[in-house]
Each structure stands twice: as structure tokens, then as C-alpha cells.
Amino acid sequence: MENLIKAENIVKSFGKKERNVIDDLTLDIGKGEFIAVMGPSGSGKSTLLYALSGMDPVQKGRVSFMGKDLSLLSEKEKAEMLRTGMGFVFQQPTLLKNLNILDNIMLPACRRGGEKREIIAQRARAYMEKTGIGGLEDREITQVSGGQLQRAGLCRALMNNPPILFGDEPTGALNSRTVEEVMDLFSLIHAEGRTVFLVTHDARVAARAERVLFMADGKIVEETALPAMGGGTREDRVGLIRKKMEKIGI
Ligand code: ADP
Ligand code: MG
């Protein structure tokens, strides 16, 4: 499989005397892969996500995105890569309070420039329909549910058609029915050929992935390849993940 992101022996710490939050970690993310990352709180999952996306530089080792060493990119190139190469969804959607839902979703494409506003709006509306929030265009972000807000966050993350979607506990604030609905969307996004890299503490969420990485103290200590969607029931996959979680004490 062709690599999308390659991390080689990366090290990250927050201060010279501090322990390494990411400790000599090596990881290949293949194009089109769906990876979930699990691990105890403080094990370095979010830090890894920031390092892989180039949002936060590493102190040692190397991260490459589509064959390009991130540390060699200019600020401008890095900003462009973050805008068009990667989408992000967080536990709390970071939508802007002074914009309605539609304008929030359009924002990344407007910032990138080069497209007519009407074209951008059309694409945003199409994503809203697809994710089940059509009709909420004019709502304020305080006038929709948590699940609807997360769907809007997903639409926004996809606006510039990035090859990879990163999620840091994107279902952490949702109730269990909404979790499944939002995860159906992640599965759909993956089925369309995008790479998905998801941090989660929920075995049912991780069971959507093809590969689950388990982190402890800044290292990947376990890795499980899950049977392809067709083989093995969801419960089998969840069971397998729970067993591993127990083993490393999550
Ligand atoms: P996780 O997402 O697995 O819960 P994090 O990656 O957020 O863990 O954090 C791992 C460790 O790094 C924690 O001990 C945390 O306190 C520390 N850490 C994370 N970000 C910073 C930061 N900006 N400054 C100092 N320490 C940090
Ligand atoms: Mg975290």
C-alpha cells in the first residue's frame, strides 16, 4: 500500500527535563487506511495526532506527508498543506459563534480562495444534505444539537476535499445513538477512499477501523488488524478490542 504519512523515530517532549510524550515512535499510514488509536489518558494520543499532521513539530525523527518531509516545508507550504491536505474534527466542534452553520462550513474553502462563493455554497449544501443536516443552513451554532454540530464540523473538515481526515475523540461528547450515526459518516467517508485517523476511547468506535493502535507512555505497545468489514461481526471486533484494552490496562 502506498504511504500517505510516514513517521520515523519521532520524539516529542514539552521541555528539556520532561519525559518524552512521544517516545521514538515509528508509524506508516497507508493511503485509504482507517486507523484508530486508543490508550490511557495522557499516553500521547493527541500529541501524536498533532505531530503527524505537522501542527506541532517534533524534536527528533521525521514526519513525511505524501513523501514530503514536513520539517522542510516553508510556513506557507505548511499552511497550504493543513488547509487542503488534511481535515480535522475534535470532541468539541470549533465552529465560530458569529457565523451561521452554512458560513462556518464554507469557511475553509473561502479562506483558500480561488472559487466563486456560489460554488462553495453549493458544495457546502451538498455535504449538509449528505450528512443529514440539510435545512439548518441559517441556524446559529447554539441552535443545533451536539450531533448536528459534529456533522457540521465534518462537513467543514471535508470542504477542501482532503485525502486524510483526523479525528480526536470526535464522538466523545455524543450520546450512544448519535455516536453510531456520526460513525456511519466516518465509515462512509472512508469507503469513498479517504484515509481516516481517529483517536477514541470507545471500543465500538475503534471497531470501525481496519487497524487499531494502542498507545502507552508515548509508544505504540500493541496493534491489531481487524478483519475487513465483511468478515467477523461488529461484536467480534468490539470483543477483540476490549480484550486488548484490558491487556494494556485502559
Ligand atoms: P492523550 O491525548 O493520550 O490523553 P496528550 O497527548 O494530550 O495525551 O498528552 C500526553 C502528555 O503530554 C500529558 O502528560 C500532557 O500533560 C502532556 N502535554 C500535552 N500537551 C502539552 C503541552 N502543550 N505542554 C505541556 N505538556 C503537554
Ligand atoms: Mg487527547
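Let's start with a side chain: one of Thr 84's polar atoms sits 2.9 Å from the backbone oxygen of Glu 80. That is a polar contact (a pair of N or O atoms within 3.5 Å; within protein, one must be able to donate a hydrogen and the other to accept it, and residues adjacent in sequence count only if both atoms are side-chain atoms). Keep in mind that this is a predicted model, where local features need pLDDT of at least 70 and side-chain atom pairs 80 or more, while totals for chains, interfaces and linings use all residues. Residues are numbered from 1 along each chain as written, chains are lettered from A and ligands numbered from 1 in written order, and side-chain values use heavy atoms, without hydrogens or water.

Thr 84 belongs to helix 2, residues 75–84. Helices here are DSSP runs of H or I with at least four residues, numbered from the N terminus. Beyond neighbours within four places in sequence, Thr 84 is in contact (heavy atoms within 4.5 Å) with Arg 112, Asn 160, Asn 161, Pro 162 and Pro 163.

Now for ligand 1. Residues near it (a heavy atom within 4 Å) include Phe 14, Val 21, Pro 40 and Lys 45. Oxygen atoms of ligand 1 lie 2.5 Å from a side-chain N or O atom of Thr 47, 2.7 Å from a backbone N or O atom of Gly 42, and 3.3 Å from a side-chain N or O atom of Arg 19.

Last stop: helix 6, residues 176–191, is followed by Gly 193, whose phi is positive, near 110 degrees.

Methods: Helix = DSSP H or I, 4+ residues; strand = E, 2+ residues; numbered from the N terminus.
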